[in-house]
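Here are my notes on the model you sent over. Have it open beside you while you go through the points.

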Amino acid sequence: MTADLSQLVKAYDVRGVVPDQWDETLAELFGAAFAQVTGATAIVTGHDMRPSSPGLSRAFARGAAARGVDVTEIGLCSTDQLYYASGAFGLPGAMFTASHNPARYNGIKMCRAGAAPVGQDTGLTEIRELVESWTDSGAPSSDATPGTVGRRDTLEDYAAHLRGLVDLSSIRPLKVVVDAGNGMGGHTVPTVFAGLPLELVPMYFELDGTFPNHEANPLDPANLVDLRKRVREESADLGIAFDGDADRCFVVDERGEPVSPSAVTALVAARELARYGGRGTVIHNLITSWSVPEVVRENGGTPVRTRVGHSFIKAEMAASGAIFGGEHSAHYYFKDFWNADTGMLAALHVLAALGGQEGTLSALVAQYDRYAGSGEINSTVDDQAGRIAAIRTAYEGREGVTLDELDGLTVTAADWWFNVRPSNTEPLLRLNAEARDEATMTEVRDEALAIIRG
C-alpha cells in the first residue's frame, strides 16, 4: 500500500487506522527499519488484545528477523509489561497497541534497550524515512543470516518485579473494584494482585479489542461512570480504571469520586522520596497541579518542571537521575522501572498507602489535592498560533503576571495559572487552569476560553 506516513508516525509512536492507513505489509517494513536504526541483534515484541494486533506484531517480527535479528515474542501483554521485558532482557522492544483509541486503530510503541524511548528525536524520524523509502520497492535484501523468532512468557516475572518494589504484605484488607475496559488490565491484574490482601471486584476483564462496554479511555469522565457506580454499590474502599494497554491508571475514592492524577503524583512522590531517604528529583509536567512541587519540596525532594509528553519526561528522568515522574494524564514513571511509565506500579503505591492506615482514600488524598482545577478543555480553532498570540497580547504586561513558552503558553499569577497548548495532530487548543479557589479558577478559565474561542 502507499501510506501517508505524515498521518501515521506521531511524535512518540506509530498510530493509525487498520487497514486504511497501514497494514501487515507496512508493519514488516517498520520491523526492518527498527532493526536497522537500533542496530540490535535481538529484540522483544508484544501486543494487546485488538483483533489486528497479533498479525501486525508477527509481520514486524518477520521484518526484523529478515535482517538478522532474533525476536522474542512475549505475546499478549500490557505496555508496561513490554517495558519490563525490554529492561529485564536489555533489548529494544516494540509494543503493538493503540492504547485508548477506538477499535479500528492500532499502533507501535517502540523503545531501545532498557525501555529507553524512541521518539521523533531518538530514532523515530529515521525509522519513518526508511519506511518511506521502502514503501514502493520493499526493504532491500540483507546479507545477514535470518534471525530466529521465539516465544517467552513474562507475566509472572513482571508481576513479581512490581510486587518487589512496593511492600503490601502488612496492609489491612481492602476491597477494590477494577475496571479493565476489556483491555490488557484484565490480563495483568489477576496475576499482579494474586496473594495480596485484596478483595478484587473485576469489571470488563474479558479481553475484547472491540471495547463492547465503553472506550478504554478513563481520561474521559464518561468512561468512569460504570466504575464510580460500582464502587458505591459494593461499598468498596476504592476503584481503579486502566486504559486499553494498561500503562495508565485512574483512581476513584470510596465515594466514587475521581482522584486527580496530580494528587496521585504527589502521593506517590512522597512515598518514593521516603524510600530514597528524603532526597531525590521528581519530574512533573507543566500542567500538573501546584500541589505536586509543593509536596515534593515538603518531603525533601527537588521538583523539576518539564514539557508534556512521555519522551520529554523519560529524557529528563535519565538526565537528572530522577526517582519518579508524573503527568496529568495519569502516566507515572519510576527510576526502579527503567524510567518507564507503569500505571500498575502507581496503583500498588495507592493501595499500599491506603492500606497502611485506617482512614478513607478521600481523607488520605485531601492533603495532596489543594487547589481547584479545570481539567483539560479542548477547543477547535482554525488558527492555533493566532489564538495563542491573542492570549499573549491580552496578558503580557499585566502587573504580577508572568508568561513562559516551555510548552505552548503558560500564564501565571499569584493565585492562579493556566496553560494553552496546541494539539500536534488536530486543530485543537488544550486549556488547563488552576487557582487557589473554585471561583477564581472559574473566572480565569472563562476569560481564557473567551479569547480562545473568540
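1. Start with strands E13 (residues 281–285) and E15 (residues 324–326), which run parallel and are joined by three bridges. His 284 sits opposite Gly 326 of E15. Strands here are DSSP runs of at least two residues (E) and helices runs of at least four (H or I), numbered from the N terminus; two strands count as paired if DSSP finds at least two bridges between them. This is a predicted model, where local features need pLDDT of at least 70, side-chain atom pairs count only at pLDDT 80 or more, and totals for chains, interfaces and linings use all residues. Residues are numbered from 1 along each chain as its sequence is written, and side-chain values use heavy atoms, with hydrogens and water left out.

2. What is the strand order in the open sheet of four strands? The order is E14-E13-E15-E16, with mixed pairing. Strands E14 (302–306) and E16 (332–334) are the edges, each pairing on one side only. From one strand to the next, the twist averages 20°. Helix H11 (residues 310–320) packs on this sheet, touching E13, E14, E15 and E16, and its direction makes about 165° with that of E13. Contact means heavy atoms within 4.5 Å; axes are lines fitted to C-alpha atoms (for helices, over the stretch in contact), and angles run from 0 to 180 degrees between N-to-C directions.

3. Now to strand E5 (residues 105–112), where six of the eight residues are buried. Buried means under 20% relative accessible area, exposed over 50%, and partly exposed in between (1.4 Å probe, protein chains only). E5 pairs antiparallel with E1 (residues 14–17) over four bridges, and Val 17 stands opposite Tyr 105. Four bridges also join E5 to E4 (residues 93–96), again antiparallel, with Phe 96 partnered by Ile 108.

4. E5 also pairs antiparallel with E6 (residues 116–117), through two bridges. Arg 112 faces Ala 116 there. The hairpin has three residues between the strands, and Gly 114 takes a positive phi near 75°.

5. Some backbone spots to check by eye. Val 18 and Pro 19 are joined by a cis peptide bond, omega about 0°; Pro 19 lies in the loop between E1 and helix H2 (24–38). Asn 182 is not a glycine, yet has a positive phi of about 60°. Asn 182 belongs to the loop between E8 and helix H7 (185–193) and is buried, at 2% relative accessible area. Ala 246 has a positive phi near 60° as well. Its loop runs between strands E10 (238–242) and E11 (249–252), and Ala 246 is buried at 1%.

6. Is Leu 168 buried or exposed? Leu 168 has a relative accessible area of 3%, so it counts as buried. The residue is in the loop between helix H6 (155–163) and strand E8 (174–179). Neighbours within four places in sequence aside, Leu 168 is in contact with Leu 196, Pro 197, Leu 348, Leu 351 and Ala 352.

7. Last, which element gives the most to the lining of the second largest pocket? Helix H13 does, with three residues. Strand E12 (258–259) and H13 (361–366) each supply at least two. The lining has four nonpolar, two polar and four charged residues, among them Asp 253, Arg 255 and Glu 257.

Notes
1 Å grid on protein atoms, 1.4 Å probe; cavity = no way out; pocket = protein on both sides within 12 Å on 5 of 7 lines; lining within 4 Å. Nonpolar A, V, L, I, M, F, W, Y, C, P; charged D, E, K, R; others polar.
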